[in-house]
Amino acid sequence: MKIGVVLPQTEIGADPRGVVEFTRASEDLGYDFLLAYDHILGVVPRSADWLGYTYKDMFHEPFVLFGYLAAITRRLELVNGVLVLPQRGTALVAKQAAEVDVLSGGRLRLGVGVGWNSAEFEAIGEDFRTRGARIEEQIAVLRAFWTQEVVTFEGRWHRIVEAGINPLPVQRPIPIWIGGESDVVLRRTARLASGWMAGGGILSPTKRAAPAPGGYPALASRLREYAREAGRDPAEIGLQRGVNAADPPDRIVEAVAEWAAIGGTHVSVGTMRAGLATPQAHIEAIRRTRDVLANAGLGVFS
């Protein structure tokens, strides 16, 4: 099982030295991947009980960020977690992702999702209501661009006539994982994705989702059932969930052990919203978590 970290970009500031320090420390500590969240725009909260990010939260543009990090790392996988794909032009995403994959030597994993913030879609000029159907067509177009020098494609939202990107990525195609926990997302993942990224349990900025009966193991079991119904081998679909470095060590170990027992392939360690004020404090948090997991007999960091 691969263990990665979440870049705490909303809390360590815009100074690139903090980003570099955290990223290099992650690689030096033996983590397998670095995951970055995505928001193009932040908005003013729409209600008093708003739970989502706002205009005060800082997000780096992920492809620019990964191009930068590709030059200062040698081993870390670079992971979108998740890119709100329906907000972006598909051909441009194909080009940007391929470029990151080339510059990193094939270390990109593209996590995508449909997003939840209708105000962000409106400001960008994209249709919030059709995002689910569009993302499925976008995935097909991305894979065509990444595996063919010349693409011709006719769909509901895309018309491409004998066009292609150059250079093609190292990985052909780049792995596409889908994030979210709804039944629609699980079925879409089972049909289309290389892997599933369990979300944070937030349905909207004003309503938290109740935990699914049986938790993440039950969701993973349902995903595998849908994969078999779609004619796929469930073992081909990677499974990723997150843990919080602020949790007690025994709870972190229990979560990772449970995930490993059901065949989970990836775990991300998050440090945000834990009251950590500096890059150094976030680094110490992932160092402590690394030590906890290395000593837990789980076969990670060995």
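Does Arg273 count as buried or exposed, and at what relative accessibility? At 56% relative accessibility, Arg273 counts as exposed, where exposed means over 50% relative accessible area, buried under 20%, and partly exposed in between, with a 1.4 Å probe and protein chains only. This is a predicted model, in which local features need pLDDT of at least 70 and side-chain atom pairs count only at pLDDT 80 or more, whereas totals for chains, interfaces and linings use all residues. Residues are numbered from 1 along each chain as its sequence is written, and side-chain values use heavy atoms, with hydrogens and water left out.

Helices (H or I, at least four residues) and strands (E, at least two) are DSSP runs, numbered from the N terminus. Strand β4 covers residues 108-113, and six of its six residues are buried, so the strand is largely enclosed by the rest of the structure. Leu108, Leu110 and Val112 point one way from β4, while Arg109, Gly111 and Gly113 point the other way, and the residues of both sets are all buried. On the pairing of this strand, two strands are taken to pair if DSSP finds at least two bridges between them. Strand β3 (residues 77-84) pairs with β4 in the parallel sense, over five bridges, and in β4 the bridge partner of Val79 is Arg109.

The nonpolar interior can be described next. A nonpolar core is a set of buried Ala, Val, Leu, Ile, Met, Phe, Trp, Tyr and Cys residues joined through side-chain atoms within 4.5 Å. The largest such core has 73 residues, and those with the most contacts inside it are Leu34, Phe66, Leu69, Leu110, Leu142, Trp146 and Trp196. Helix α5 (residues 131-147) gives the most to this core, with seven residues.

Helix α6 (residues 183-192) contains Leu186, which is buried, with a relative accessible area of 0%. Not counting residues up to four places away in sequence, Leu186 touches Glu181, Trp196, Leu219, Arg222, Leu223 and Tyr226, contact meaning heavy atoms within 4.5 Å. Val185, Leu186, Arg188, Thr189 and Ala190 are buried in α6, and what covers the buried residues of this helix includes α5, β7, β8 and α7.

Helix α8 (residues 249-261) has 13 residues, which at 1.5 Å a residue should span 18 Å, and its end C-alpha atoms are 18 Å apart, which agrees; the expected span is 1.5 Å times one less than the number of residues. The buried residues of α8 are Ile252, Ala255, Val256 and Trp259. They cover an arc of only 90° around the axis, which puts them on the same side of α8, the arc being that of the directions from the helix axis to the C-beta atoms. An α-helix has 3.6 residues a turn, so residues three or four places apart point the same way. On the other side of α8, Asp250, Glu254 and Ala261 are exposed. The buried residues of α8 pack against β8 (195-197), α7 (215-229), β11 (238-244), β12 (266-270) and α9 (279-294). After α8 comes Gly263, whose phi is positive, near 90°.

Some local backbone features remain. A cis peptide bond, with omega about 10°, joins Asn166 and Pro167, and Pro167 lies in the loop between β6 (159-163) and β7. The peptide bond from Arg172 to Pro173 is cis, with omega near 10°, and Pro173 has its place in the loop between β6 and β7. In strand β6 itself, Glu162 has a positive phi of about 50° although it is not a glycine, and at 63% relative accessibility Glu162 counts as exposed. Arg273, with which the text opened, has a positive phi of about 60° although it is not a glycine, and its place is in the loop between β12 and α9.
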